[in-house]
Amino acid sequence: MTRLADLAELVRAPAALSVPGDVLSGAAAAGALGRRTPALAGASVLLYWAGMAANDWADRRLDAVERPERPIPSGRIRPATAFGVAAGLTAAGLAVAGAAGGRRAAAVAVPLAATIWGYDLLAKNTAAGPAVMAACRGLDVLLGASVGPPRGRGGREAPPAARGLVRALPAALTVAAHTWTVTALSRREVSGADRRLPRATLAGTALVAATALGRPDPVPVALAAGYAGRYGAAQARVLADPSPARVRAAVGAGITGLPALQGALTARAGARLLGLAVAAAAPLGHRLARLISPT
């Protein structure tokens, strides 16, 4: 029988701590935080786990050579089981998104799911891979904004949902840019990188952190600085020694450090306490990454 621990490794369970912050930052930017937001965050986690399982299913032959310890090539999980898990989680994520946000949420969740599967099956090993993965995270942020702001006081009509999507677009682009840097580095986890790559991703991280600052406010400033400090330091170590181990460490720092960036974006939108709560997932994810690799 498939063990729960093996399934957790298949879907990179702890890495899902980096996911709800997408939806929360998008909802905060759009002024759409409300009772439907937690369910949309849950749908986002399900789709993320689906993508991880589909990724391992698609890479099962390559992993047999490069990462034989992974659940499928090691024989702990059968390929058919991994595919079934990916398909089931996708269906569950779409169902939850539709139930929580109706057609508006489905209009974002369906393209998000399609982009996730497109990355795993088609784009991952192409030049378009980092851009497609960045699009996944950008759409995930927009999922939080998809339902639009709640009704105002006295039952006044809320602004159109489309306006919320536009307001959340800068946050979506910021998270997408961060994701591009992580994905570009992840493509060199086995072979190592030449120093041009960490130079480019480090410059991108500096730009992302600056974008997350917004107006002068101590909370987003502190969170953005924490994000840039930890992830930037990991990339600086790759610049000094671009070995596979250093690259993998930088990718892990990019994944587990994302909540700090999401927290900065959430706080920048005015939800300071929620931003701090989102950022709190970063140290927890770092600890859990020692048990189950997020990469």
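This is a predicted model: local features need pLDDT of at least 70, side-chain atom pairs count only at pLDDT 80 or more; totals for chains, interfaces and linings use all residues.
Residues are numbered from 1 along each chain as its sequence is written, and side-chain values use heavy atoms, with hydrogens and water left out.

**Figure 1. The end of helix α11.** Helices (H or I, at least four residues) and strands (E, at least two) are DSSP runs, numbered from the N terminus.

**Figure 2. Burial of helix α11.** Helix α11 is mostly covered, with 11 of its 11 residues buried; buried means under 20% relative accessible area, exposed over 50% and partly exposed in between (1.4 Å probe, protein chains only). Among the buried residues are L258, L265 and R268.

**Figure 3. Helix α11 beside helix α12.** The axes of α11 (residues 258–268) and α12 (residues 272–279) come within 7 Å and cross at roughly 175°. Axes are lines fitted to C-alpha atoms, for helices over the stretch in contact, and angles run from 0 to 180 degrees between N-to-C directions. The crossing angle therefore makes α11 roughly antiparallel to α12 (under 35 degrees counts as roughly parallel, over 145 as roughly antiparallel, 65 to 115 as roughly perpendicular and the rest as oblique). P259, A260, Q262, G263, T266 and A267 of α11 meet R272, L274, G275, V278 and A279 of α12, contact meaning heavy atoms within 4.5 Å. Six nonpolar, four polar and one charged residues form this contact; Ala, Val, Leu, Ile, Met, Phe, Trp, Tyr, Cys and Pro count as nonpolar, Asp, Glu, Lys and Arg as charged, and the others, Gly among them, as polar.

**Figure 4. Helix α9 beside helix α11.** The axes of α9 (residues 218–240) and α11 come within 8 Å and cross at roughly 165°. That angle makes α9 roughly antiparallel to α11. On the α9 side, V219, P220, L223, A224 and Y227 meet A260, L261, G263, A264, A267 and R268 of α11. By class, the residues of this contact are nine nonpolar, one polar and one charged.

**Figure 5. The setting of these views.** The protein has 13 helices and zero strands. Its C-alpha atoms fill a box of roughly 60 × 40 × 30 Å, taken along the principal axes. Of the 295 residues of the protein, 51% count as buried.
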